[in-house]
Structure formats: structure tokens, C-alpha cells
Amino acid sequence: MKTIKNKTTMNPLLLTDGYKVDHRRQYPEGTSLVYSNWTPRKSRIEGIDEVVFFGLQYFIKKYVIEDFNTYFFKQPKEEVVKKYARRINNYLGENQVGTKHIEALHDLGYIPMIFKALPEGVSVPTRVPMFTMYNTKPEFFWLTNYFETLLSAIIWMPCTSASIARQYRKILDKYATETSSIPAFVDWQGHDFSMRGMAGIEAAVTSAAGHLLSFTGTDTIPAIDFLEEYYNANAENELIGGSVAATEHSVMCMGTTEGEYETFKRLICEVYPKGIVSIVSDTWDLWKVLTEYLPKLKYEIIGRDGKVVIRPDSGNPVDIICGNPNDKTEKEQKGVIELLWEVFGGKINEKGFKELAPQIGAIYGDSITIERATQICERLKQKGFASTNIVLGIGSYTYQYNTRDTFGFAMKATYGEVNGEGREIFKDPITDDGTKKSAKGLMKIVLEGGQYKLIDQVSWAEEKQGELKEVFRDGKLLVDHSLAEIRKRIKFSIV
């Protein structure tokens with residue numbers, strides 16, 4: 001049986017939609033330049049009207065430089081061309097796509113393109129381009145939009161997840177400012193549990209990296225390596241992401257129903273006598289854990305150097321955490337945080353809100369949407385509890401249940417040159433509601449009142465001004481952002 005190679009070992013020129021391969025011949029005779037942009041055109045998420053720009057540096061480093069060098073330029077030209085011709089002819093049938101342009105690119109030895117971009121980590125209003133790109137050599141005009149498929153497939157997700165994480169951060173910051181004495185704890189309050197539910201490892205890692213722009217809590221370990229490799233982070237010198245020791249249901253089940261109390265005691269007193277340990281607590285009866293087991297272990301827990309974190313993850317998280325006065329039992333009416341307060345107490349902070357004793361806490365690890373996060377914080381506030389008494393797990397329902405259309409991302413050409421003359425081009429379908437209407441001509445992005453604004457139909461002289469800066473030219477990365485820089489921009493955009 002023939003082994004199917006991983007997609008990244010392929011000629012990167014084959015990582016495209018099939019209709020792209022012959023656009024070179026479809027452009028007007030004499031075309032020498034294609035100028036395109038990447039823009040979020042709309043928001044389908046209530047409350048988000050600005051989109052975080054993140055992921056281009058990874059795309060350039062990984063695909064435009066690493067993969068093209070490894071799997072195209074450094075491969076024998078005859079072999080590359082032969083494989084390309086075989087695939088295209090097999091796919092389209094004998095046709096006139098040809099291979100001369102592929103041979104010419106291989107001979108050149110680099111990608112003849114300019115990327116101009118805003119700084120990664122900034123928040124960009126919808127309908128304002130995040131970056132532009134165009135070819136630097138006239139014979140490779142076809143290359144600009146050839147990149148559209150690969151570029152779009154890679155970049156929409158980190159931008160989308162970073163934008164959603166930023167929205168969680170805004171909500172949690174707001175309530176921590178109002179109710180908590182430890183607002184810095186919000187760094188850990190949004191925890192990424194999404195990896196297992198994402199559409200493949202690259203999706204999981206790029207999404208998790210977007211999460212880590214706003215938080216430090218994650219269970220997606222490879223996102224840390226990703227940020228070290230592509231965003232100049234260093235786990236020895238900075239906190240990229242982290243988590244704590246935690247159980248799962250199989251651990252609790254293996255201790256048996258009858259031995260559940262002993263499992264809690266062994267974990268708290270023997271396996272983890274100090275430090276933070278998170279224990280899944282609703283394998284069977286959450287309310288029994290809260291009202292029988294934990295009171296028995298109160299002094300062992302209070303005497304620990306560290307925190308025991310109780311983790312429910314089934315049912316309606318808002319009601320379970322905050323209680324619901326309409327539920328049947330008193331335990332359900334009070335909810336997790338109030339029941340923990342009754343056992344362990346804590347302090348009332350200077351803002352007048354209750355904070356649990358530092359040796360006990362809670363995390364809800366399932367189904368925490370933006371709406372539920374807001375409801376949890378608000379209901380805790382109404383009950384007199386600080387929002388930072390709970391950590392919220394953010395999963396794949398939040399980060400995977402999106403598409404390129406969540407923010408309407410699109411790459412469109414707006415300018416070209418044919419026989420030495422510039423052409424301002426645009427798209428404006430009469431049957432559309434205006435979403436797909438593109439900008440026109442060359443572009444300049446200005447910063448007015450702290451917000452990015454598009455000015456289109458500018459001259460080349462004007463295009464060279466403004467906030468779009470060259471980050472890549474002719475095979476070389478010119479700007480190399482760090483995670484620390486990007487996090488600062490995220491934080492600035494939230495304040």
C-alpha cells in the first residue's frame with residue numbers, strides 16, 4: 001500500500017484550488033502586476049466589530065520561506081517540474097497550463113513578492129485590510145493570487161481565535177476590575193481546552209496560539225513550541241503558557257464509586273501534598289463531593305501549600321457554578337462557589353466581594369461560550385462573589401465552530417498593471433448585500449483616533465506612506481515580531 005505523504009512535503013505550488021493553476025493565461029495580455037489585500041469584511045459574532053490580526057508571520061516563515069525552500073527551490077528542477085506536470089495533466093487532462101513559468105520560478109530561487117502589513121496583534125475594524133501583497137517581477141504577476149487558497153486556509157483561524165479570545169479577555173477583565181482584588185488572575189482565568197476537538201493539529205496549534213495572545217492558561221502544549229519557533233518566544237525567560245496537574249474521569253472511575261472519598265484524600269494528601277491540583281468532581285455526584293467529602297478534608301486542604309481546584313464539567317455551567325433558585329435542592333440553588341464558601345470561607349475584599357480561601361477554587365471545563373462567561377460573571381457579582389473565584393475552560397465549540405466567513409475574510413485583487421498602465425479594479429456584485437464589495441485601486445491605511453482607516457484609490461507615492469509596512473520582500477523576512485510585542489498590542493487594544 002502506497003503511503004500518502006503529509007501535505008507539507010508537497011510542492012507548495014500544488015497547495016491550491018484547482019482553478020488557480022491556469023489563471024496566468026486568463027489575465028489580459030501584457031499583465032505585469034497584481035496587487036491584492038487580505039480583509040475581514042464583516043463580523044458574525046455579536047459584540048465583536050474589530051478583528052485581531054495574527055498569523056501572517058507564521059505563514060511567511062513556514063510556507064513562503066521554509067516549505068518553498070525545502071520542497072521546491074532545493075529540489076532538482078527536473079523532478080519538481082515533472083511532478084507538477086504529472087499532477088496537473090492528470091487532474092485537468094492534457095491542457096496548455098504549461099510548466100515554463102514553474103521552471104522560471106525555480107530558476108529564480110525565491111518568491112518574488114512583497115507583503116505589507118499592519119503590526120500583528122492589533123485590532124482592525126471590519127472592511128479594513130490587514131495586509132497587501134504584490135509581485136516584484138513582472139513575469140510572476142500570476143503568483144500573487146495563486147497564493148490566495150493557501151494563505152486563506154492558514155490565516156483565517158489564528159485571526160478568528162485571537163479575536164474571540166480577546167473578547168473573553170475583555171469580559172473577564174471588566175468583571176475582575178469591578179469585583180476582584182486580583183485582576184491579574186485573569187491571565188489564567190480563560191483556559192484553552194480545545195485541542196482534541198479541532199480540525200487537525202495545525203488548526204489546534206494556530207488557534208491555541210491565538211488564545212495565548214490574551215491568556216496564559218492552556219492545555220495545548222504544542223502551541224508553546226509554535227510560539228517559540230515562529231514568534232520569538234522563549235519559555236525560559238517568559239511565561240508563554242501553562243497549566244496544572246489535573247485528573248480525568250478515568251482516574252476517578254478507577255478508584256470506584258465506593259472509594260471516591262479515598263481517591264480525593266489520596267490525591268490531595270499523598271500524590272499532591274503541595275501545589276495546585278485540579279480534580280474532576282462530577283464523575284458521579286458533584287453535590288456529594290461538595291457537601292460531604294470536602295468538609296471532611298477541610299483542614300487537610302486549608303493546611304496545604306497550594307490550591308485544590310474542583311472541576312465540574314457536565315450540565316448547565318451557569319447554574320452549576322452560580323446556583324439557580326428555581327432548582328429542586330438547596331445544593332443546586334446555591335451552586336459550586338457558594339457551597340465552597342460555606343465550607344472554606346475566605347475574605348471580603350475592599351470592593352465588597354467575597355473571595356474564596358486561597359487553598360480552594362473551581363474551574364468549569366466545558367461549554368463556556370462568550371454569552372455564558374458573561375452570565376457567570378454577572379450572576380456571581382449579583383451574589384456578592386468576585387468573578388475570579390472561577391476559571392473558565394474554553395473548548396473547541398468556541399474555537400472550532402467557526403469558518404472563514406465568521407469574519408468574512410477574503411483576499412481580493414484591487415489593482416493591476418497591463419502594458420505598463422495601472423488599472424484600478426474592484427468587485428461589487430449587484431446581487432450581494434454589499435458585504436462582497438471590495439475596495440478599489442492601491443491602498444493606504446491610516447491611524448485616526450486610535451483606529452485604522454482605509455483610504456483606497458491612492459497613488460504609488462501615497463501607498464508607500466501610512467501604517468502598512470513591508471514585512472517580506474523577495475524571499476526575505478523583514479519584520480520579525482515577538483510574542484511579547486503582540487501581547488502588548490492586545491492588552492493596549494483592550495484597555
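Author: Buried means under 20% relative accessible area, exposed over 50% and partly exposed in between, with a 1.4 Å probe and protein chains only. This is a predicted model, in which local features need pLDDT of at least 70 and side-chain atom pairs count only at pLDDT 80 or more, while totals for chains, interfaces and linings use all residues. Residues are numbered from 1 along each chain as its sequence is written, and side-chain values use heavy atoms, with hydrogens and water left out.

Reader: Is Phe72 buried or exposed?

Author: The cut-off for burial is under 20% relative accessible area. Phe72 has a relative accessibility of 0%, and therefore counts as buried.

Reader: How many aromatic pairs does the structure hold?

Author: Rings of Phe, Tyr and Trp (its six-membered ring) pair if their centres lie within 6.5 Å; planes under 30 degrees apart count as stacked, over 60 as edge-to-face and the rest as tilted. By that criterion, the number of aromatic pairs in the structure is 30.

Reader: Why is the pair of Tyr35 and Tyr415 edge-to-face?

Author: The ring centres of Tyr35 and Tyr415 are 6.3 Å apart, and the pair counts as edge-to-face because the planes stand at 85 degrees.

Reader: Which parts does this pair tie together, and how far apart are they in sequence?

Author: Helices (H or I, at least four residues) and strands (E, at least two) are DSSP runs, numbered from the N terminus. Tyr35 lies in strand β1 (residues 31-40) and Tyr415 in strand β15 (residues 409-418). Tyr35 is buried at a relative accessible area of 0%, and Tyr415 counts as buried at 9%. The pair therefore ties together strands β1 and β15, at a sequence separation of 380 residues.

Reader: What does Glu148 touch, leaving aside residues up to four places away in sequence?

Author: Glu148 is placed in helix α6 (residues 148-179) and is buried, with a relative accessible area of 16%. Glu148 and Lys20 are 128 residues apart in sequence, with their C-alpha atoms 8.9 Å apart in space. With contact taken as heavy atoms within 4.5 Å, Glu148 touches Tyr19, Lys20, Met411 and Lys412.

Reader: Over which residues is the pLDDT below 50?

Author: The predictor's confidence in each residue is given by pLDDT, from 0 to 100. The protein has a mean pLDDT of 95, and 98% of its residues reach 70 or more. The stretch with pLDDT below 50, which has 8 contacts in the model beyond near neighbours in sequence, is residues 1-8.
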